[in-house]
Amino acid sequence: MVAAPVLEELREVCQPQAKLASRNGEHWAGRLYMRKVSLRLTRQLVRTPVTPDQLTWTMVACGVAAGAALMIPGLTGAVLAVVLMQLFLLFDCVDGEVARWKGQNSATGIYVDRLGAYLADAALLAGAGFRAAESGFGGWLSVGIATALGVVLLKASTDLVDVARARRGLAVADDEAARPRSQGVATVRRLAAAFKIHRVTNGIEASLVLLAAAVADAVTGGIEPTRWALAALAVITWVMVPAHLLSILSSSRLR
């Protein structure tokens, strides 16, 4: 078997600082702890025939399974959802690292990676709606699906910036281009960023919110904490949808 590469050499190739430093290119949990874990798994996987695309599909499966896990009542389902979302993040790191080391970057891999992000977050919130409805039907399921739709719109509005720029023959926008030209919008954006409330629309954070709600459910003997958590996620998501659109249109990302 081929010897495992040295960690420092692997880090230099697989974790370029330009990506890790990018505000939009790296999840905070990746920088905080997951990149330390992922590099060790990558070190073993680069010695095998496994392809980056196979790892990306594994990531997608973990994300969708996290939403399905919330259909399991009680703490068991909520804990399993958190574990699966962490595995989703792990494979999201590993697939790119293996691709960089093996030189196997592909448009298919990028496409499936983005598709996986949509599916994972949507599945998690739809699963939360099923959980809040208890029977799996009714108004709370609709709230979960509506929240999932809002999260998909948030992701799509970001990705469509790259589509629009590509069709105009423009390079990918950098972080500086995301700054709103309007001082008022910039101030509101800074305040929102300071409180980080937007992060709960991401599947990683949402799974932790739902776990905390499940713990409260267990203490109270009801499902109301989960319903309140889902309602809060719905409100935050749908406040962010028009706000994010305004932020894009008032920045230089489309110029």
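**Reading the helices of a predicted model**

Student: Where does the kink in H10 lie?

Tutor: H10 has a kink of about 30° at valine 241, shortly before proline 242. The bend at a residue is the angle between axes fitted to the seven residues ending there and the seven starting there.

Student: What span should the 26 residues of H10 have?

Tutor: The expected span is 1.5 Å times one less than the number of residues. For H10 (residues 224-249) that gives 38 Å, and the end C-alpha atoms are 38 Å apart, which agrees. Helix H5 (residues 74-102), with 29 residues, reaches 42 Å from its first C-alpha to its last, close to the 42 Å expected. Glycine 103 follows H5 and has a positive phi, near 65°.

Student: How is the packing of two helices read?

Tutor: Two packed helices are described by the angle between their axes and the distance between the axes. Axes are lines fitted to C-alpha atoms over the stretch in contact, and angles run from 0 to 180 degrees between N-to-C directions. The axes of H9 (residues 203-220) and H10 come within 7 Å and cross at roughly 155°.

Student: Are H9 and H10 roughly parallel or roughly antiparallel?

Tutor: They are roughly antiparallel (over 145 degrees; under 35 counts as roughly parallel). The crossing is right-handed, meaning that the near helix is turned clockwise from the far one by less than a right angle.

Student: Which residues of H6 meet H9?

Tutor: H6 (residues 107-133) and H9 pack at about 20°, their axes 9 Å apart, and H6 is therefore roughly parallel to H9. Asp121, Leu124, Ala128 and Arg131 of H6 make the contact with Gly203, Ala206, Ser207, Leu210 and Ala214 of H9.

Student: How far apart are the axes of H4 and H6?

Tutor: The axes of H4 (residues 52-69) and H6 are 7 Å apart, at an angle of about 10°, so these helices are roughly parallel. Their contact divides into 10 nonpolar, 7 polar and 2 charged residues.

Definitions and conventions:
Residues are numbered from 1 along each chain as its sequence is written. This is a predicted model: local features need pLDDT of at least 70, side-chain atom pairs count only at pLDDT 80 or more; totals for chains, interfaces and linings use all residues. Side-chain values use heavy atoms; hydrogens and water are left out. Helices (H or I, at least four residues) and strands (E, at least two) are DSSP runs, numbered from the N terminus. Angles under 35 degrees count as roughly parallel, over 145 as roughly antiparallel, 65 to 115 as roughly perpendicular and the rest as oblique. Ala, Val, Leu, Ile, Met, Phe, Trp, Tyr, Cys and Pro count as nonpolar, Asp, Glu, Lys and Arg as charged, and the others, Gly among them, as polar. Contact means heavy atoms within 4.5 Å.
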